Amino acid sequence: MASKMTFEADKRDDPISHDTWLTQQVNTAFDRMENGLAVFVSNDEANAQMEDFKAKIRARG
């Protein structure tokens, strides 16, 4: 998903305000939801995904 970037990464290339960046992210999320592209997960699944993500980060260093 190329469009998924953090504010920190974005602001190096294109200095925009945090409010502008956040508005863009919210609008993108609503666009995905309205177009049937949003994927909702349970809290348990989200926590499991976050733990996997953290483990990968820890394994790098």
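Residues are numbered from 1 along each chain as its sequence is written. In this predicted model local features need pLDDT of at least 70 and side-chain atom pairs count only at pLDDT 80 or more, while totals for chains, interfaces and linings use all residues, and side-chain values use heavy atoms, without hydrogens and water.

Student: What makes Glu51 and Lys54 a salt bridge?
Tutor: A salt bridge is a side-chain nitrogen of Lys or Arg within 4 Å of a carboxyl oxygen of Asp or Glu. The closest N and O atoms of Glu51 and Lys54 are 3.7 Å apart, so the pair meets that limit. The structure holds one salt bridge.

Student: Where do Glu51 and Lys54 stand in helix H3?
Tutor: They are three residues apart in helix H3, so about one helical turn separates Glu51 from Lys54. Helices here are DSSP runs of H or I with at least four residues, numbered from the N terminus.

Student: Why is Glu51 called partly exposed?
Tutor: Buried means under 20% relative accessible area, exposed over 50%, and partly exposed in between (1.4 Å probe, protein chains only). Glu51 has 44%, so Glu51 is partly exposed. Lys54, at 32%, is also partly exposed.

Student: What is the relative accessibility of Met33?
Tutor: Met33 has 40% and therefore counts as partly exposed. Met33 is found in helix H2 (residues 18–34).

Student: Which element has the lowest mean pLDDT?
Tutor: Helix H1 (residues 7–13) does, with 58, whereas helix H3 (residues 43–60) has the highest, 96. The predictor's confidence in each residue, pLDDT, goes from 0 to 100.

Methods. Helix = DSSP H or I, 4+ residues; strand = E, 2+ residues; numbered from the N terminus.
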